[in-house]
Amino acid sequence: MANLRQAQKQMTRRLLLESGLELFTTKGYAATKVDEIATAAGTTRVTFYAYFPSRTDLMKALIDERLNEALQRVRSPEHGSTAQDLVATVADGTAAGIGAWLRRTADSWPEIRPIIRVGRDAAAVDPELRDLVDRWMEEAISDIEDGLARAGRFEPHQRRFKGVLAMAELDYVAQHWGSADWKLSREQLLDELSASWVRLLT
């Protein structure tokens with residue numbers, strides 16, 4: 001019985017997160033009310049508040065849980081979250097490894113793109129969320145920095161900025177893939193991005 005209750009709680013929480021993301025995406029964060037999220041999830045405002053103290057907390061959970069899960073990031077005492085496969089890929093520094101990591105990441109773009117877009121939309125109107133996406137990006141930059149440090153490549157003062165440049169490229173491509181007319185197929189785009197990362201990080 002306890003297991004059933006726990007499963008029901010997890011299902012309700014998942015429905016609230018999914019409904020929140022869908023409404024934030026279609027209506028915008030600022031225009032979406034807690035009552036609408038609860039109704040879309042098939043529950044009530046009271047139930048919403050039993051899981052999330054505010055709409056802000058639901059947005060934080062989307063970043064901290066859904067985004068990190070999609071990108072296989074885990075909790076890290078040093079950086080908040082880390083993707084050990086990214087650290088290892090950068091440390092290895094092979095073109096094949098970097099290309100494979102970028103292709104795996106690209107497979108998750110349809111899932112991560114809406115969360116990052118909504119996070120930026122929310123940050124524009126909610127002071128508590130101002131640094132949310134930036135903080136998450138900083139954690140990914142730290143992974144690249146850690147990989148470069150593990151490999152002993154570049155001077156310590158260069159590693160962080162190399163991470164900034166690499167993640168800026170990846171983020172821009174991820175956010176505009178499908179809407180920009182770059183005259184490249186998906187494979188060509190990933191080849192170019194991989195070559196750029198190899199030049200930048202090795």
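I'll start with a contact. Trp 109, Arg 113, Ile 116, Arg 117 and Arg 120 in H7 meet Leu 170, Asp 171, Val 173, Ala 174, Gln 175 and His 176 in H9, where contact means heavy atoms within 4.5 Å. By class, this contact of H7 with H9 has five nonpolar, two polar and four charged residues; Ala, Val, Leu, Ile, Met, Phe, Trp, Tyr, Cys and Pro count as nonpolar, Asp, Glu, Lys and Arg as charged, and the others, Gly among them, as polar.

A word on the source. This is a predicted model, with residues numbered from 1 along each chain as its sequence is written. Local features need pLDDT of at least 70, side-chain atom pairs count only at pLDDT 80 or more, totals for chains, interfaces and linings use all residues, and side-chain values use heavy atoms, with hydrogens and water left out.

Now the overall layout. The chain has ten helices and two strands, taken as DSSP runs numbered from the N terminus (helices H or I, at least four residues; strands E, at least two). Along the sequence the pattern is α-α-α-α-β-β-α-α-α-α-α-α. The C-alpha atoms fill a box of roughly 55 × 40 × 35 Å along the principal axes.

Back to the pair. H7 (residues 109-125) and H9 (residues 156-176) pack at about 100°, with axes 9 Å apart. Axes are lines fitted to C-alpha atoms, for helices over the stretch in contact, and angles run from 0 to 180 degrees between N-to-C directions. H7 and H9 are therefore roughly perpendicular to each other (65 to 115 degrees; under 35 is roughly parallel, over 145 roughly antiparallel, the rest oblique).

The next pair is H6 (residues 95-107) and H10 (residues 186-201), which pack at about 130° with their axes 9 Å apart. H6 and H10 are therefore oblique to each other. The contact of H6 with H10 has nine nonpolar, two polar and five charged residues. Among the H6 residues in this contact are Trp 101 and Arg 103, and among those of H10 are Glu 187 and Trp 197.

Last, the largest pocket. How many residues line the largest pocket? There are 22, of which Leu 71, Trp 101, Thr 105, Ser 108 and Ile 112 lie nearest its centre. Helices H5 (84-92), H6, H7, H8 (132-151) and H9 each give two or more residues to this lining. H9 provides the largest share, five residues. By class, the lining has 14 nonpolar, four polar and four charged residues. On a 1 Å grid over the protein atoms alone, with a 1.4 Å probe, a pocket is an open set of points with protein on both sides within 12 Å along at least five of seven lines, and lining residues have an atom within 4 Å of a point.
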